[in-house]
Amino acid sequence: MAADSRITNALFSAIDELNDIRPQDQQLEKSLDTVLFGQDGKLDSIGLVSFIVAAEQKIAQETGRSITLADERAMSQKNSPFRTVGTLADYCSILLAEGE
Amino acid sequence: MDKKRILITGTRKGIGAFLASYYADRGFQVIGCSRGEPEWEVEGYRHFSLDVSDERRVVEMFAVIREEYGGLDILVNNAGVASMNHILLTPCTTVRKILDTNVTGTFLFCREAAKLMQRGEFGRIVNFATVATPLKLEGEAIYAASKAAVVSLTEVLARELAPFGITVNAVGPTPVKTDLIRSVPKEKMDALLERQAIRRFGQMEDISNVIDFFIKPESNFITGQVIYLGGV
Ligand SMILES: NC(=O)c1ccc[n+]([C@@H]2O[C@H](COP(=O)([O-])OP(=O)(O)OC[C@H]3O[C@@H](n4cnc5c(N)ncnc54)[C@H](OP(=O)(O)O)[C@@H]3O)[C@@H](O)[C@H]2O)c1
C-alpha cells in the first residue's frame with residue numbers, strides 16, 4: 001500500500017519530536033524502514049508509548065481526525081503494526097479509511 | 001521555566017474554586033473547568049465549561065492547552081460528586097453519574113494530562129480521595145467505592161507514569177463545609193468527626209497544604225501516596 005503523504009509526514013514529525021528528547025546515539029531515522037519495536041527495534045516499551053502518543057497527535061493535526069492506534073485490535077494482530085514506520089503507516093491508512 | 005501551568009477540575013464552586021484563586025494568587029497560570037460557568041473572576045484564570053467525563057470535549061480542551069500554553073505541569077483532579085443514600089434506595093442512574101464523574105473523569109484527565117506532561121519529562125498529578133473510603137461510611141457506598149477506584153488508579157498510574165517523571169498522589173479530605181456535604185444530617189456529621197484523630201472540620205487550607213507538598217519540585221520521590229487529613 002502506498003502510504004498517504006499526510007500519514008508519512010505525521011509519523012516523521014512524531015519522530016522529530018521523539019528525537020528531541022533522545023540521546024544523540026539513539027536517534028530514529030525518518031524512513032519507512034526504521035524498525036520501531038521488537039527484534040532490533042529502536043524503542044523500548046516506554047519509548048513506544050511516547051511515540052504512539054506523538055503519532056496520534058500529529059495524525060490529528062495533519063488530517064483533522066483522531067484515531068486510536070493502540071487498541072485491542074492493534075495488539076492482537078499477528079504482525080504487529082508497530083514493527084516499522086512503514087507498517088504503522090499502513091495501519092494508520094486502514095484506520096483512517098475505515099472512519100470515512 | 002517561568003510560570004507553572006496548573007489545571008484544576010471542578011472549579012465553579014467549593015474546594016475547586018478556592019484552589020483556582022489560591023494558585024492564581026501565587027502566580028500560577030490556572031486553567032479550570034466545570035459543567036457550569038463560575039460566578040467569580042480571578043486574574044490569570046481561564047475557564048472551560050465541560051463535563052469531565054465527556055471524552056470529546058476533554059480532548060478538545062487539552063488540544064487548546066497544548067496550543068496556547070505549550071504543555072502542562074500540574075493536574076488537580078478535584079471535580080467530584082457524592083450522593084448519600086442507603087444501597088436499597090440507590091438507583092443505577094446515580095451510580096453511573098458518580099462513577100462517570102469521579103472515576104472516568106479522573107482517568108480521562110490523567111491520561112490526557114500525562115500525554116502533555118511526558119514531553120516535558122515533568123508532571124504532578126493530584127487526585128481526590130476521601131475519608132469515606134477508609135472509614136467505610138454507611139450511606140456513601142457508591143461514593144466511597146468510586147474514590148477507592150481513584151486510590152487504585154493513583155497507585156497504578158504512579159508506576160506507569162514514573163518513567164516519564166510524572167508523580168501521581170492523592171489527598172483524602174475529611175468533611176469540609178461545601179455543598180457536597182450540605183445534605184448530610186448533623187448527627188451523622190458529628191459521629192463522623194468523632195472517628196477522626198483530630199476532631200474538626202477540614203479547612204480549604206488543609207487541602208492546599210497537602211497539594212503544595214505533592215507538587216513541589218523536591219517531592220519528585222513521592223508518588224502513589226494518599227494523604228488523609230485529620231488522622232484518619
Ligand atoms: N467537601 C467535603 O467534605 C469533601 C470530603 C472529601 C472529599 N471531597 C472531594 O473534594 C472534591 C471537591 O468537592 P467539593 O466539596 O468542593 O464539592 P462541591 O462543592 O459540590 O463542588 C464540586 C465541583 O465539581 C464540579 N463538577 C461536578 N461534577 C462535574 C462534572 N461531571 N464535570 C465537571 N465538573 C464537575 C462542580 O461544578 P459544576 O456543577 O458546574 O460542574 C463543582 O465546581 C470532590 O472530589 C470530593 O469528592 C470533598
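The buried residues of helix α1 of chain A pack against α2 (45–63) and α4 (85–98) of chain A, together with α3 of chain B. This is a predicted model. Chain B and chain A bury about 720 Å² between them, and the count between the two chains is two salt bridges.

**Helix α1 of chain A**

- Helix α1(A) covers residues 5–20, which is 16 residues.
- From its first C-alpha to its last, α1(A) reaches 22 Å, close to the 22 Å expected at 1.5 Å a residue.
- The buried residues in α1(A) are Ile7(A), Thr8(A), Ala10(A), Leu11(A), Ala14(A), Ile15(A), Glu17(A), Leu18(A) and Asn19(A).
- An α-helix has 3.6 residues a turn, so residues three or four places apart point the same way.
- At the start of α1(A), Asp4(A) places a side-chain oxygen within 2.8 Å of the backbone nitrogen of Arg6(A).

**The contact between chain B and chain A**

- Nine residues of chain A and eight residues of chain B take part in the contact.
- The size of an interface is often given as the accessible area lost when the parts come together.
- Here the area buried between chain B and chain A is about 720 Å², and carbon and sulfur atoms give 56% of it.
- Of the area that chain B buries against chain A, 50% is supplied by Gln118(B), Arg119(B) and Phe164(B), more than by any other three residues.
- Three residue pairs are in polar contact between chain B and chain A, with both residues at pLDDT 80 or more.
- On the side of chain B that touches chain A, the elements that give two or more residues are α2 (55–69) and α3 (92–120) of chain B.
- The largest share of that side, three residues, comes from α3(B).
- By type, the residues on the side of chain B that touches chain A are five charged, two nonpolar and one polar.

- Side chains of opposite charge can pair when their charged atoms come close.
- Arg119(B) and Glu17(A) form a salt bridge, and their closest N and O atoms are 3.2 Å apart.
- By the rule used for salt bridges, the count over all chains comes to 17.
- Arg119(B) counts as partly exposed because its relative accessibility is 26%.
- Glu17(A) has a relative accessible area of 18%, so Glu17(A) is buried.

- Glu112(B) forms a salt bridge with Arg111(B), with 3.0 Å between the closest N and O atoms.
- Glu112(B) is buried, at a relative accessible area of 6%, whereas Arg111(B) is partly exposed at 28%.
- Another salt bridge links Arg182(B) and Asp179(B), whose closest N and O atoms are 3.4 Å apart.
- Arg182(B) is exposed, with a relative accessible area of 66%, and Asp179(B) is partly exposed at 40% relative accessibility.
- Glu56(A), Glu55(B), Arg111(B), Glu112(B) and Lys115(B) are joined into one network by salt bridges that share partners.

**Leu36(A), a buried loop residue**

- Leu36(A) is found in the loop between α1 and α2 of chain A.
- The relative accessibility of Leu36(A) is 0%, so Leu36(A) counts as buried.
- Leaving out residues up to four places away in sequence, Leu36(A) touches residues including Leu28(A), Phe51(A), Phe82(A), Val85(A) and Leu88(A).
- Leu36(A) and Ala10(A) are 26 residues apart along the chain, and 15 Å separates their C-alpha atoms.

**Positive phi outside glycine**

- Asp40(A) is not a glycine, although its phi is positive, at about 60 degrees.
- Asp40(A) sits in the loop between α1 and α2 of chain A and is exposed, with a relative accessible area of 63%.
- Glu121(B), also a residue other than glycine, has a positive phi near 55 degrees.
- The loop between α3 and β5 (123–128) of chain B holds Glu121(B), which is partly exposed at a relative accessible area of 49%.

Definitions and conventions
Residues numbered from 1 in each chain as written. Chains lettered and ligands numbered in written order. Predicted model: local features only at pLDDT ≥ 70, side-chain atom pairs only at ≥ 80, totals over all residues. Heavy atoms only, no water. Contact = heavy atoms within 4.5 Å. Buried area = accessible area lost by both parts, 1.4 Å probe. Salt bridge = Lys/Arg side-chain N within 4 Å of Asp/Glu carboxyl O. Polar contact = N/O pair within 3.5 Å; in protein donor to acceptor, adjacent residues only side chain to side chain. Helix = DSSP H or I, 4+ residues; strand = E, 2+ residues; numbered from the N terminus. Nonpolar A, V, L, I, M, F, W, Y, C, P; charged D, E, K, R; others polar. Expected span 1.5 Å × (residues − 1). Buried < 20%, exposed > 50% of the residue type's maximum accessible area, 1.4 Å probe, protein only.
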